[in-house]
Amino acid sequence: MTTIEIPADMELVYEYPKSLTEAYMHYCPGCTHGVIHRLVAEVLDELDVREKTIGIAPVGCSVLAYYYFDVDMAEAAHGRAPAMATGLKRVSPDKVVFTYQGDGDLASIGIAEIIYAANRGEMFTTIFVNNAIYGMTGGQMAPTTLPGQKTTSSPTGRDVETAGWPMKVAELLAVLPGSAYITRQAVLDVPGIRRTKKALKLAFQAQLEGLGFSMVEILSTCSTNWHMGPAEALEWAKEHMVPYYPLGDTKVSDGVRALMESK
Amino acid sequence: MIMTKELWEGNAAIAEAAICAGVEAFFGYPITPQTEVLEHFSKRLPEEGRVFLQAESEVASINMVYGAACAGARVMTSSSSPGVSLMQEGISYIACSEVPAVVTNIMRGGPGLGNVQPAQGDYFQAVKSAGHGDYHMIALAASSVQEAIDLMVLAFDLADKYRTVVIFIADGAIGQMMEPAEMPPLRPVRPPEERVAWALTGAKGREHNIITSLYLGAENLEQVNLRLQAKLKKIAANEVRWQEYSTEDADFLLVAFGTVGRICQTVVREARAQGMKVGLVRPITLWPFPSARIAELAGRVKGILTVEMNAGQMVEDVRLAVEGACPVRFYGRMGGVIPLPDDILPELDKLDAGVASGREVQS
Ligand SMILES: Cc1ncc(C[n+]2csc(CCOP(=O)(O)OP(=O)(O)O)c2C)c(N)n1
């Protein structure tokens with residue numbers, strides 16, 4: 001990284017997050033994983049927890065997230081990041097632990113692990129990237145694929161009669177007593193990105209305060225496998241995903257509410 | 001402190017031995033015939049201020065173990081045959097990422113749901129097919145409660161020493177029987193500040209640590225495999241363990257492990273009382289297998305009888321070791337039937353008769 005001296009009469013308003021490495025990200029043009037990585041890194045910096053944070057990468061497009069976050073990281077088996085995070089946090093209660101998972105990883109193969117981690121109120125934070133598709137394996141139907149949405153494994157569009165309905169994870173985890181803060185956000189425009197960052201910060205703060213399990217579901221795009229340009233993908237997500245997956249908090253425990261009010 | 005023998009049930013002894021060895025966390029799911037391992041931990045670990053968690057499944061258990069192992073903690077899980085099958089993907093990840101972990105398998109009858117009787121049908125699984133990819137676990141097999149205790153302590157030490165997965169295997173008979181045994185002294189738990197340098201403890205004043213089993217480049221992954229194989233070779237050279245009984249002057253050799261290994265000690269005595277010079281090799285490490293010693297003995301004896309509680313699994317390794325140097329016969333019972341001396345002695349006679357008539361084929 002090139003460093004420049006800041007003249008005495010100027011204020012630093014932008015800085016590369018310490019919690020991100022300088023590795024080039026492998027994500028496709030227009031992919032929102034990069035934006036979300038950046039937000040998580042900024043939050044870790046702002047909370048000054050980089051040196052005690054441990055992340056768990058999933059199997060999915062963000063499998064290599066450990067190259068990008070400049071924190072200690074492990075790479076889990078497909079769907080098992082919440083179990084790994086549970087084991088890790090239980091023997092390292094003073095650390096900050098997060099999982100970063102896609103929708104196939106979290107809502108299909110790993111649905112049991114996330115439900116049980118939330119239900120036990122495990123003290124870690126999950127960043128759940130919902131792009132309505134299996135990105136890494138080339139665009140198959142995900143548990144979150146919308147009704148009628150065409151994918152390589154639902155070529156005529158998702159038929160809910162045979163494939164079931166898209167999984168609303170933020171609502172599902174909200175009913176569990178162990179979850180402290182569950183919210184759904186979207187990184188589809190600048191205000192959404194700002195709200196997502198705020199939610200991420202609250203989720204990590206809830207963990208730091210020992211309030212219980214926290215998860216931020218983030219509506220995202222996959223230009224490549226949706227076969228759209230990046231801008232078009234953002235519009236498509238707003239038009240089709242947001243109505244099915246309403247934005248906002250689905251669970252704010254009393255402890256988290258007190259935390260929100262104190263900030 | 002004077003240690004004295006107490007009456008221990010195998011499963012509880014396994015758990016208590018792990019506690020003595022400094023296990024910091026246990027994650028597991030109930031399954032007969034090893035549930036008492038989990039139950040003992042559920043009481044004792046909280047008493048010691050350590051971590052016990054009943055997981056939602058064996059899939060979760062092994063991945064919790066993986067997570068805790070990444071943090072540098074001494075950790076284990078325990079299960080029985082079907083549960084161990086569910087753990088295989090996780091074991092493969094742990095093996096590739098080279099973090100230490102201990103798994104116990106108190107085997108029951110299979111395949112499928114099988115039953116809850118003692119069996120040895122998971123020899124192949126423990127020794128050859130622990131999960132996908134090229135690796136071995138160190139596999140330790142006990143034939144008594146005392147040996148189970150000793151091997152549990154060894155399991156943690158070997159796992160740490162080689163940063164590898166160690167599987168402790170026994171069958172339900174050992175898990176559920178009571179015997180007088182002595183616990184080792186209680187070792188203090190390693191404090192979190194003293195966790196090893198590769199562990200995920202937070203990137204404070206150092207580069208970030210990464211624990212992964214993903215290597216996208218072919219050459220890259222081949223290098224990882226070569227490193228793993230070199231490590232396994234070292235283990236194979238240094239960690240073979242077995243016990244021998246009356247082999248010095250033996251004309252015939254029994255090879256058996258675990259519960260059957262113990263029964264075969266009686267067979268040796270009874271055969272010798274009948275005038276047949278029989279010896280026994282009881283492998284303690286199923287992997288690495290005591291091949292060299294068996295090969296040596298094969299050059300001296302007239303024939304070998306391998307006895308197992310399965311359809312003939314370890315006998316394949318015996319034959320690989322023997323390389324045709326002498327006839328190798330197999331006797332096995334399945335489904336939870338335990339072969340008794342009266343079942344085994346006639347098999348020795350058959351081996352003897354076959355060898356004498358030159359008819360003994362490699363059955
Ligand atoms: C046990 C197992 N099953 C299947 C796979 C193949 N696989 C890799 S990534 C993936 C889907 C990932 O999709 P998602 O979680 O939505 O993340 P994205 O790639 O879209 O970010 C699948 C099925 C695997 N690696 N392991």
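**A:Thr183**

I looked up the surroundings of A:Thr183 and, leaving aside its neighbours within four places in sequence, I found it in contact (heavy atoms within 4.5 Å) with A:Ala170, A:Ala199, A:Met215, A:Val216, A:Glu217, A:Gly248, A:Asp249 and A:Thr250. I note that this is a predicted model, in which local features need pLDDT of at least 70 and side-chain atom pairs count only at pLDDT 80 or more, while totals for chains, interfaces and linings use all residues. Residues are numbered from 1 along each chain as its sequence is written, chains are lettered from A and ligands numbered from 1 in the order in which they are written, and side-chain values use heavy atoms, with hydrogens and water left out.

I placed A:Thr183 in strand E5 (residues 179-186) of chain A; helices (H or I, at least four residues) and strands (E, at least two) are DSSP runs, numbered from the N terminus. A:Thr183 counts as buried because its relative accessible area is 0%, where buried means under 20%, exposed over 50% and partly exposed in between, with a 1.4 Å probe and protein chains only. Its side chain makes a polar contact with the side chain of A:Asp249 at 2.6 Å. A polar contact is a pair of N or O atoms within 3.5 Å; within protein, one must be able to donate a hydrogen and the other to accept it, and residues adjacent in sequence count only if both atoms are side-chain atoms.

**B:Thr285**

I then turned to B:Thr285, which lies in strand E13 (residues 285-287) of chain B and counts as buried because its relative accessibility is 0%. A polar atom of its side chain lies 2.8 Å from the backbone nitrogen of B:Arg241, and the side chain also reaches the backbone oxygen of B:Pro288 at 2.7 Å. Neighbours within four places in sequence aside, I list B:Ala139, B:Leu140, B:Glu239, B:Val240, B:Arg241 and B:Pro290 as the contacts of B:Thr285.

**A:Ala74**

Not counting residues up to four places away in sequence, A:Ala74 touches A:Gly55, A:Ile56, A:Ala57 and A:Met84, and from chain B it touches B:Cys70, B:Leu200 and B:Ile211.

**Chain B against chain A**

I next looked up the interface, where 37 residues of chain B are in contact with 36 residues of chain A. The buried area (the accessible area, with a 1.4 Å probe, that two parts lose on being put together, summed over both) is about 2,600 Å², of which carbon and sulfur atoms give 60%. In chain B, the residues that lose the most area to chain A are B:Glu56, B:Leu200 and B:His208, together 21% of what that side buries.

Which residue of chain A forms a salt bridge with B:Glu56? I found that A:Arg120 does, with the closest N and O atoms 2.9 Å apart; a salt bridge is a side-chain nitrogen of Lys or Arg within 4 Å of a carboxyl oxygen of Asp or Glu. Across this interface the rule finds two salt bridges, and I noted 16 residue pairs in polar contact, both at pLDDT 80 or more. The elements giving two or more residues to the side of chain B that touches chain A include strand E2 (25-28), helix H3 (58-70) and helix H5 (88-97) of chain B, and the largest share of that side, eight residues, comes from H3(B).
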